[in-house]
Amino acid sequence: MKLIIFGDSKINNLQVVEEALESFSIDISKVKEIVIDIDKGLGILGSELAKKHKIKQKEFNIDWKDISCPGAVIKENKFGKYNSAAAAMKDQSIADHIDVCLVLSINGDESHTSSCLYKIKKAEKPIH
């Protein structure tokens with residue numbers, strides 16, 4: 001199983017993540033890969049969880065400079081040419097790659113992950 005964990009960056013306790021996994025019956029021993037979204041909160045806790053349980057990590061990052069990929073929307077600014085669709089493409093890659101998503105939020109705020117969560121929901125992947 002490939003797992004991604006999203007959440008509020010104010011959540012900085014690995015025990016909270018482990019308790020959430022347990023409460024949603026996500027067996028950590030069945031997780032074979034933890035996906036880290038470099039641009040979203042809780043990447044550090046996902047990495048800590050992977051290290052603690054000796055689970056492989058895969059990082060996803062926005063590559064604004066890759067203008068040769070299929071579907072790139074090329075724009076230019078003072079820094080040169082860039083792919084303005086790169087963030088959405090990264091989110092879709094994550095949605096295609098993962099099996100399950102855990103979202104930890106304070107006061108139910110999921111706005112910081114809305115684009116990727118939308119794509120995960122559309123891909124009909126479980127979100128807890």
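**Helix packing and nonpolar cores**

Mentor: In this predicted model, helix α3 (residues 86-97) packs with helix α4 (residues 114-122) at an angle of about 40°, and their axes are 8 Å apart.

Trainee: Is α3 parallel or oblique to α4?

Mentor: Angles under 35 degrees count as roughly parallel. The angle between these helices is about 40°, which makes α3 oblique to α4.

Trainee: Which residues of α4 make the contact with α3?

Mentor: The crossing of α3 past α4 is right-handed. From α3, the contact is made by Ala88, Asp91, Gln92, Ile94 and Ala95. By class, the contact has five nonpolar, two polar and two charged residues. On the side of α4, the residues are Ser115, Cys116, Lys119 and Ile120.

Trainee: Which element supplies the largest share of the largest nonpolar core?

Mentor: This core has 18 residues, of which Val17 and Leu102 touch the most other members. At least two residues each come from β1 (2-7), α1 (14-23), β2 (33-37), α2 (43-52) and β6. The largest share, four residues, is supplied by α1.

Trainee: Is Val103 buried or exposed?

Mentor: Val103 lies in strand β6 (residues 100-104). Buried means under 20% relative accessible area. Because the relative accessible area of Val103 is 11%, this residue is buried.

Trainee: How far apart in space are Val103 and Asp8, C-alpha to C-alpha?

Mentor: In sequence, Val103 and Asp8 are 95 residues apart. In space, their C-alpha to C-alpha distance is 8.6 Å.

Note on methods:
Residues are numbered from 1 along each chain as its sequence is written. This is a predicted model: local features need pLDDT of at least 70, side-chain atom pairs count only at pLDDT 80 or more; totals for chains, interfaces and linings use all residues. Side-chain values use heavy atoms; hydrogens and water are left out. Axes are lines fitted to C-alpha atoms, for helices over the stretch in contact, and angles run from 0 to 180 degrees between N-to-C directions. Angles under 35 degrees count as roughly parallel, over 145 as roughly antiparallel, 65 to 115 as roughly perpendicular and the rest as oblique. A crossing is left-handed if the near helix is turned anticlockwise from the far one by less than a right angle, and right-handed if clockwise. Contact means heavy atoms within 4.5 Å. Ala, Val, Leu, Ile, Met, Phe, Trp, Tyr, Cys and Pro count as nonpolar, Asp, Glu, Lys and Arg as charged, and the others, Gly among them, as polar. Buried means under 20% relative accessible area, exposed over 50%, partly exposed in between (1.4 Å probe, protein chains only). A nonpolar core is a set of buried Ala, Val, Leu, Ile, Met, Phe, Trp, Tyr and Cys residues joined through side-chain atoms within 4.5 Å.
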